[in-house]
Amino acid sequence: MLDNSFKRIFVIVMDSVGIGEAPDAKEYGDLGADTFGHIAEKMDGLHMPNMEKMGMGNIKKAKGVKPVDSPSAYFGVMQESSHSKDTMTGHWEIMGLHITEPFRTFPDGFPDELINKLEQTTGRNIIGNKVASGTEIIKELGTEHVNTGDLIVYTSADSVLQIAAHEDVVPIDELYDICEKAREMTYEAPYMIGRVIARPFVGEPGAFERTPNRHDYALKPFGRTVMNELQEEGFDSIAIGKISDIYDGEGITKTIRTESNNDGMDKVINSAKESFTGISFLNLVDFDAKFGHRRDPEGYGKALEEFDERLPELVQELDENDMLMITADHGNDPVHHGTDHTRELVPLLVYAEKFSPGQNLGRLRTFADVGATIADNFNVNMPKNGTSFLNNIIRKG
């Protein structure tokens with residue numbers, strides 16, 4: 001009999017890699033959204049042999065990614081049960097939290113009362129205050145900011161307050177302090193903003209460029225997550241990329257920052273070379289931030305292919321006591337209308353050496369099934385939401 005537990009579980013969230021409209025997509029204005037499928041079409045076929053081997057094409061038929069007869073991973077589709085389509089809600093649900101009330105958004109910009117408070121507290125004027133792409137707004141207002149020192153404030157369809165500033169005009173430490181103060185102002189009603197994000201940039205007018213020094217200031221999860229349970233029971237809970245920001249450090253034993261998708265893969269591969277017992281949890285933000293929001297399907301497609309190319313490096317570091325889960329937190333279809341997230345189903349691939357071949361897990365009704373499975377594996381308190389599929393993927397013989 002094979003032991004029905006794993007010593008290490010690696011979770012990779014391909015930020016925004018949705019695979020087609022969710023059943024309730026109409027309520028979010030997202031009928032027809034299909035991030036993965038539309039990117040594959042724009043690329044005239046994606047070359048992703050490693051994920052294809054795992055069963056990605058069995059989940060979602062897309063140009064260049066076909067189904068295989070004997071996938072190396074279990075595969076399935078997950079449907080978000082929480083009432084939103086933002087990064088925080090998706091990630092919180094993955095670790096067992098269900099959010100009934102979406103975070104507040106500001107499609108017409110932030111109210112004057114909040115802007116005035118920010119100006120009084122920071123001693124700097126604010127420009128922008130509208131829904132905008134981060135790269136476009138620094139093109140539009142970057143020169144004015146450099147000349148005046150005014151802060152660029154903007155938002156999106158997400159519940160975010162983003163503050164952009166040139167690193168030579170507003171030093172990083174000052175920008176972080178400003179964002180911490182903005183966070184304190186917006187935790188509770190009437191604002192209830194999900195994240196405040198520092199968006200530093202550098203360069204000259206006409207050639208401004210955002211830097212990797214982004215920092216997210218999130219609300220704390222509204223309840224305990226599986227990571228809290230792991231930490232409390234003495235397991236490792238390693239956060240790579242913006243995971244620590246998303247959970248505001250809750251339930252995390254080690255934080256590792258990243259600068260890009262490739263750097264994220266470097267860091268998770270390095271974590272696989274080390275000894276630990278628990279989870280290594282990675283978010284790959286470039287899919288969403290650099291390509292989805294910027295409506296760049298070709299860039300998005302190349303990033304997917306690059307991720308696929310790196311996967312064998314991680315897999316070769318895994319042994320029989322390890323499991324890898326690959327999923328997403330929402331969609332961001334770069335050919336769909338708007339510039340923001342889309343309400344979509346997400347893929348789930350679950351790989352381990354002992355899975356040969358993998359089988360279809362079907363459609364899971366909540367992302368929290370991932371967290372429930374992790375909790376089940378480590379025998380910690382189960383989340384209120386989600387159902388473990390651990391027994392369905394362990395082969396006994």
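Hello everyone. What we have is a predicted model, where local features need pLDDT of at least 70, side-chain atom pairs count only at pLDDT 80 or more, and totals for chains, interfaces and linings use all residues. Residues are numbered from 1 along each chain as its sequence is written, and side-chain values use heavy atoms, leaving out hydrogens and water.

Let's start with the sheet. Eight strands make up an open sheet of mixed pairing, in the order β10-β9-β11-β1-β12-β13-β2-β14. Strands here are DSSP E runs of at least two residues, helices are H or I runs of at least four, and both are numbered from the N terminus. Two strands pair if DSSP finds at least two bridges between them. At the edges sit β10 (254–256) and β14 (360–364), each pairing on one side only.

Look inside the sheet now. Strand β1 (residues 8–14) and strand β12 (residues 322–327) run parallel, joined by six bridges. One example is F10, whose bridge partner in β12 is L324.

What packs on this sheet? Helix α4 (residues 87–94) does, touching β1, β11 (278–284) and β12; contact means heavy atoms within 4.5 Å. The direction of α4 makes about 160 degrees with that of β11. Angles run from 0 to 180 degrees between N-to-C directions, and axes are lines fitted to C-alpha atoms, for helices over the stretch in contact.

D15 itself is in the loop between β1 and α1 (35–42).

Finally, the helix pairs. The axes of α5 (residues 112–122) and α7 (residues 172–185) come within 11 Å, crossing at roughly 140 degrees. In their contact, L114, K117, L118, T121 and T122 of α5 meet I178, K181, A182 and M185 of α7.

Helices α10 (residues 261–272) and α12 (residues 297–315) pack at about 15 degrees with axes 10 Å apart. They are therefore roughly parallel to each other, a label for angles under 35 degrees.

Note on methods. Angles under 35 degrees count as roughly parallel, over 145 as roughly antiparallel, 65 to 115 as roughly perpendicular and the rest as oblique.
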